[in-house]
Amino acid sequence: PTAEEELLSGEERQAAIYARLMVEMEADCDGGDGVACEELSKEEEAKAAAAPDTPARGPNLPTAEEELLSGEERQAAIYARLMVEMEADCDGGDGVACEELSKEEEAKAAAAPDTPARGPNLPTAEEEL
């Protein structure tokens with residue numbers, strides 16, 4: 001989980017992590033990973049079967065999982081998802097996304113200069129509990 005996801009608790013954290021993983025799976029699929037595409041398709045079919053009348057959402061609208069969150073937790077989850085999407089776009093060669101991601105990282109570092117960076121495979125504070 002990301003630093004933003006660490007701010008969440010219980011179901012909210014799980015929803016944010018799920019949302020981030022779905023974005024990552026989509027990026028993997030877009031990159032040609034057939035297994036990711038298959039799993040993403042299964043997830044989309046399951047969602048459609050569970051809520052057949054739910055319209056598709058735009059990238060800046062909260063996901064169904066994020067809708068379950070409230071206030072700051074929702075904002076943190078949306079922010080985390082958008083950062084994952086921006087990172088995937090940057091990794092895909094989108095220069096504007098790389099520039100925006102760099103600005104975000106600089107702003108975070110300036111806001112919390114003494115906070116150590118967490119690696120992607122390290123447990124978050126919530127996972128350590």
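Trainee: Which residues of H2 are buried?

Mentor: Buried means under 20% relative accessible area, with over 50% exposed and partly exposed in between (1.4 Å probe, protein chains only). In H2 the buried residues are Arg13, Ala15, Ala16, Ile17, Ala19, Arg20, Met22, Val23, Met25 and Cys29. This is a predicted model, in which local features need pLDDT of at least 70 and side-chain atom pairs count only at pLDDT 80 or more, while totals for chains, interfaces and linings use all residues. Residues are numbered from 1 along each chain as its sequence is written, and side-chain values use heavy atoms, with hydrogens and water left out.

Trainee: What span does helix H2 reach from its first C-alpha to its last?

Mentor: Helices are DSSP runs (H or I, at least four residues), numbered from the N terminus. The expected span is 1.5 Å times one less than the number of residues. Helix H2 (residues 10-30) has 21 residues and reaches 30 Å, close to the 30 Å expected. Gly32 follows H2, and its phi is positive, near 100°.

Trainee: At what angle do H2 and H3 pack?

Mentor: Two packed helices are described by the angle between their axes and the distance between the axes. Axes are lines fitted to C-alpha atoms, for helices over the stretch in contact, and angles run from 0 to 180 degrees between N-to-C directions. H2 and helix H3 (residues 34-50) pack at about 135°, with axes 8 Å apart. H2 is therefore oblique to H3; angles under 35 degrees count as roughly parallel, over 145 as roughly antiparallel, 65 to 115 as roughly perpendicular and the rest as oblique.

Trainee: Which residues of H2 and H3 meet?

Mentor: Contact means heavy atoms within 4.5 Å. Tyr18, Met22, Met25, Glu26, Asp28 and Cys29 in H2 meet Ala36, Cys37, Glu39, Leu40, Glu43 and Lys47 in H3. The contact of H2 with H3 has seven nonpolar, no polar and five charged residues. Ala, Val, Leu, Ile, Met, Phe, Trp, Tyr, Cys and Pro count as nonpolar, Asp, Glu, Lys and Arg as charged, and the others, Gly among them, as polar.

Trainee: At what angle do H5 and H6 pack?

Mentor: Helix H5 (residues 71-91) and helix H6 (residues 95-111) pack at about 135°, their axes 8 Å apart. H5 and H6 are therefore oblique to each other. Residues in contact include Tyr79 in H5 and Lys108 in H6.

Trainee: Is Glu4 buried or exposed?

Mentor: Glu4, in helix H1 (residues 3-6), is buried, with a relative accessible area of 12%. Glu4 touches Ala76, Tyr79, Ala80 and Lys108, not counting residues up to four places away in sequence.

Notes:
Helices (H or I, at least four residues) and strands (E, at least two) are DSSP runs, numbered from the N terminus.
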